[in-house]
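Colleague: Before I use this model, I would like to go through its labels and see what stands behind each. Please put the value and the cut-off side by side.

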Amino acid sequence: MLEISNDFNLKSYGRFPEELSDPKNFKDRMVEVSRLFQGMGESYLEHLGDDSKISGSEKKNLIEHLENILLVLVMLRKIDFSPADEETYIRKDRGLFELRLRFTDGSVWELTGSIKPEYKMKQRLFKEWFNTSFSTDIKTFYAIYGNAGMDKVITPEEKNQITKQIDRIIAEIVEMIVYIERFMLFQ
């Protein structure tokens, strides 16, 4: 669960679930991202209903979906594409939005970060974000991976490119969680 302080310091941590953290379960992790993404879209449409409004519990459900996708992406990053990284920084807008992802003992991870007051968070509707930005980022991730794997060998450069796309999605998810928690109007 992502904790957000009043001054927009961010913190999340956890342990990789055993059933997905075995290095041999790469395919399961890739399928899980897709399954969670699709489930989130279905959940959103289901909650929208006739009144076009989303309640607090429905908002909580969307955040849980985002956090689950975030966890699997963090696992893919650490286990499959960049296992040597013990710590990484993800920055947006010249560091006004910054995340630090740190890996400790085995399957334990920690995400910390901050959003400076000068950072301009985009005003957007969840539906538009999900259907355009987020969908595009997920599709791009699978396309980059698919292109890299066509020759059955993923080079260090290709792993680096995949890792950069994962980092982009991680930042996008964290920003959306903050936005849902603090600012978003649902329609």
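Colleague: What makes Phe134 buried or exposed?

Modeller: The relative accessible area of Phe134 is 0%. Buried means under 20% relative accessible area, exposed means over 50%, and partly exposed lies in between, with a 1.4 Å probe and protein chains only. Phe134 is therefore buried. Note that this is a predicted model, in which local features need pLDDT of at least 70 and side-chain atom pairs count only at pLDDT 80 or more, while totals for chains, interfaces and linings use all residues. Residues are numbered from 1 along each chain as its sequence is written, and side-chain values use heavy atoms, with hydrogens and water left out.

Colleague: What does Phe134 touch, leaving aside its neighbours within four places in sequence?

Modeller: Contact means heavy atoms within 4.5 Å. Phe134 is in contact with Phe37, Met40, Leu66, Ile69, Trp129, Ile169 and Ile173.

Colleague: How many aromatic pairs does a search of the whole structure find?

Modeller: The search finds 9 aromatic pairs. Rings of Phe, Tyr and Trp (its six-membered ring) pair if their centres lie within 6.5 Å; planes under 30 degrees apart count as stacked, over 60 as edge-to-face and the rest as tilted.

Colleague: Why is the pair of Phe37 and Phe130 called stacked?

Modeller: The ring centres of Phe37 and Phe130 are 4.9 Å apart and the planes are at 20°, so the pair is stacked.

Colleague: Why is the pair of Phe130 and Phe134 called tilted?

Modeller: Their ring centres are 6.2 Å apart and their planes are at 45°, so the pair is tilted. Phe130 and Phe134 are 4 residues apart in helix α4, which means about one helical turn between them. Phe37, Trp129, Phe130 and Phe134 form one aromatic cluster.

Colleague: How do you know that the charged end of Arg182 sits over the ring of Phe8?

Modeller: The test asks for NZ of Lys or CZ of Arg within 6 Å of the ring centre and within 35 degrees of the ring normal. The charged end of Arg182 is 5.5 Å from the centre of the Phe8 ring, and it sits over that ring. Phe8 also takes a positive phi near 65°, in the hairpin of β1 and β2, which has 4 residues between the strands.

Colleague: Which residues have the most contacts inside the largest nonpolar core?

Modeller: A nonpolar core is a set of buried Ala, Val, Leu, Ile, Met, Phe, Trp, Tyr and Cys residues joined through side-chain atoms within 4.5 Å. The largest one has 56 residues, and Phe134 and Ile170 have the most contacts inside it. The elements that give two or more residues are α2, α3 (56–81), β4 (97–103), β5 (108–115), α4 and α5 (156–182). The most comes from α3, with 13 residues.

Colleague: What is the strand order in the open sheet, and why do β1 and β3 stand at the edges?

Modeller: The open sheet has 5 strands in the order β1-β2-β5-β4-β3, with antiparallel pairing. Each of β1 (3–4) and β3 (87–92) has a single partner strand, so one side of each is left without a neighbour in the sheet.

Colleague: How do you know that β1 and β2 pair?

Modeller: Two strands pair if DSSP finds at least two bridges between them. There are 2 bridges joining β1 to strand β2 (residues 9–15), which run antiparallel; the bridge partner of Glu3 in β2 is Lys11. The antiparallel strands β2 and β5 are joined by 7 bridges, and β4 and β5 pair in the antiparallel sense over 7 bridges.
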